[in-house]
Amino acid sequence: MSALQQPARGSGGASKGSAYLLATPATAIVALIILVPALQLVRYSLNHFDPVDLMQTALTGENYRKFFTDPYYLSVLWTTLKISILCSVLALVFGFPVAYSLAKSQSRYKSLLIILIVFPLLVGNVVRAAGWMVVLGNAGFVNAVLLHLGFIHAPLRLMYTPLAVVLGTTGVVLPYMILTLQSVLEGVDLSVEEAARNLGAPAIVSFFRIVLPIAVPGIAAGTMLVLILCMNAYATPVLLGGTGLVMMAPTVYDQISKANDWPFGSALAIILMIVTLGVAVMSNSFIQRKYAKTMRS
Amino acid sequence: MNSVTRRNFFKFVAGAAMAPAIGSLPSRLLAAENCPNIVVGTWGGDYQNLLDANIASPLMKPQGSSVIFSTADQTSRMTKMRAEKASRRGSLDVTCLSDVDMYEINRSGLLQPVQTALVPNLANTIEQFRKPYSIAQMFSAFVIVYTPGKGTPPKSFGDALDPRHKGKVGFSDILYGFVGSASALAAGDKTANMMSGKDFLNKLKANSPKVYPSNETVAAALKSGEIEMTWMWKARALQWKKAGVPIDFVVPTEGAIPALFEASVPKNAPDGTCGYAFINAMLDPRAQLAFAEKMGYAPTVKNAALPDALARQVGFTDAELSRFVKLNYENMLTQRSAFLDYWSKDFKVGL
């Protein structure tokens, strides 16, 4: 072990202590910002809805009961899960090659490429959804091209469909997936893949047996981040899904803002939070477990 | 001799304690007259810009008053007011809300009764819009908006059931409550209770109406020809027409549902007197004219002196005004959640 790698003797406990101490203020602020509103929501979700007085203080499970006994709300949650998983998978499939190429790239234009990927993040989700509306509308780009080429005789209904939501949401989360994967891939030694290729492994074999396993931490982190974003998507499902597809975040908003039913809206928010957390942890642990051996090595 | 006696010491302490109070006297007197910090809770965007350009700057500033806008959507503003209910001093001198929301916030006991003596312009307002807890700044009504040149123009909300409009009627999702009320009128309920509109909407569903996520997407659908009829605020329809959407509109025979933009002073306003000064300026004919010109809403004062063309454009005839429905806000409030349930789970499904 080199001198650089040796920990300073006798300083381990003290440095750990001061690290905790340094992390305390930030942790306390984050906990305060996240926990206090979440606890407030939990409390509201146990109140009784009153159309005139907004809510009456109570300790009732009626809002949760309403959710779990109403097929409509269960179907909204199920739709949200399906769309989120699909968009996360698509983001991974389309994002991985880009992230991998970026990580391997030695080009002097690499920074420019990264800026291009970051660029959509500078534009709000609403604006991006508006862009998709121009592309997918009845008089939009896709229909215009298809009509012009004679493939169709009347405009296809592309807006307010699950397809529009999947396209829009995947477009929103794709940069997050690429950037997360790229930052993790930058940190691993991809020369192992070159060694495998040198030793005669075909490209497909080296990808599945070398590249994919070493990219697992990035895949896990990216998938978790993207899944959370998809589960909580609001603007894209509202603007591109319309009545054709209803997801959880717009439903929470509807209950709080339109129906003024804060207790039920809070219960929906808590359920969405728990399901999102559960699915994210499950997907993460699934990926980690599947590639545990590779990650350990 | 400079020795500090006990008497001198107490004189000094008493003087020092009084000094800030004496110093602030002129500014307090000034504040009562000039209102250096009127906090107005309002929507952002065009509405705030117009409040600033036509009320705060030209009418309040020359008096030495200054207006601070607390910008938020109505839900946030109402939440803020509810959160401040227990505080002796709230943060808003004036709150701007739609008529339904204003009723709700007053129902929660958060508004003070209008002090008519502090709002002299109130005497010029249209009687039917006067309320004990708020003033109406401008109004419009829910009308039928249609594409001309597609056969006989519609006259009533009920015309949406006509099979020739199949697949060509569209609504804005955010106006679900007013669509419910208009449907109730079409179904013959003169009180426009949204739950009475369910049967009409169920029949309408057979005509394959469309529901769009926002008013803007309805405008886009009208422009592209995807739909040929909607129910919308006349002021909004005017804005669309100005923007080149090929539409016309008509006040329905069943009656028109009014939409009012209102302002009021919260019970715990830091300076209610100044709040009323701003509200009085909102009713100034110059401000009313500017809002009619820029936003397309009709003035609520009778002395706004709009040019004839503008008056015809944004206003309503006496006959039309007489067809305005007096909404039962209490019913709207109590039925809102149940109607949204119906709207989301039954009406919109499969459209």
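Predicted model: local features only at pLDDT ≥ 70, side-chain atom pairs only at ≥ 80, totals over all residues.
Two residues are in contact here if their C-beta atoms, placed from the backbone, lie within 7 Å. Keep that in mind as we start where the two chains meet: the contact takes 18 residues from chain B and 19 residues from chain A. On the side of chain B that touches chain A, helix 3 (74-83), strand 6 (210-212) and helix 13 (329-347) of chain B each supply at least two residues. Helices (H or I, at least four residues) and strands (E, at least two) are DSSP runs, numbered from the N terminus. Helix 13 of chain B gives the most to this side, with seven residues.

Residues are numbered from 1 along each chain as its sequence is written, and chains are lettered from A and ligands numbered from 1 in the order in which they are written.

Now for each chain as a whole. Chain A has 14 helices and two strands, and its C-alpha trace spans about 70 × 70 × 30 Å along its principal axes. Chain B holds 13 helices and ten strands, with C-alpha atoms that fill a box of roughly 105 × 45 × 35 Å along the principal axes. Of the 297 residues of chain A, 33% count as buried; of the 351 residues of chain B, 44% do. A residue is buried if 20 or more other C-beta atoms lie within 10 Å of its own, exposed if 12 or fewer, and partly exposed in between, with C-beta atoms placed from the backbone. In chain B, 75% of the contacts between residues at least 6 apart in sequence join residues at least 24 apart. For chain A, residues 24 or more positions apart account for 73% of the contacts with a separation of 6 or more.

Let us step into chain B. Strand 1 (residues 38-42) and strand 2 (residues 67-71) of chain B pair in the parallel sense over five bridges, where pairing requires that DSSP finds at least two bridges between two strands. B:Ile38 stands opposite B:Val67 in strand 2 of chain B.

Eight of its eight residues are buried, so strand 9 of chain B is largely enclosed by the rest of the structure. B:Ile257, B:Ala259, B:Phe261 and B:Ala263 point one way from this strand, and B:Pro258, B:Leu260, B:Glu262 and B:Ser264 point the other way. Strand 3 (residues 94-98) of chain B runs antiparallel to strand 9 of chain B and is joined to it by four bridges; here B:Thr95 has B:Ser264 as its bridge partner. Strand 4 (residues 135-146) of chain B also pairs with strand 9 of chain B in the antiparallel sense, over seven bridges, and B:Ile135 stands opposite B:Ala263.

The largest nonpolar core has 101 residues, and B:Phe142, B:Val143 and B:Phe278 have the most contacts inside it. Such a core is a set of buried Ala, Val, Leu, Ile, Met, Phe, Trp, Tyr and Cys residues joined through C-beta atoms within 7 Å. Strand 4 of chain B gives the most to this core, with ten residues. Domain 1 (35-139 + 260-320) and domain 2 (140-258 + 324-347) of chain B both give residues to this core, so the core lies between them; the domain bounds come from an automatic or database domain assignment. A second, separate core of 61 residues includes A:Ile83, A:Met133, A:Leu158 and A:Ala269.
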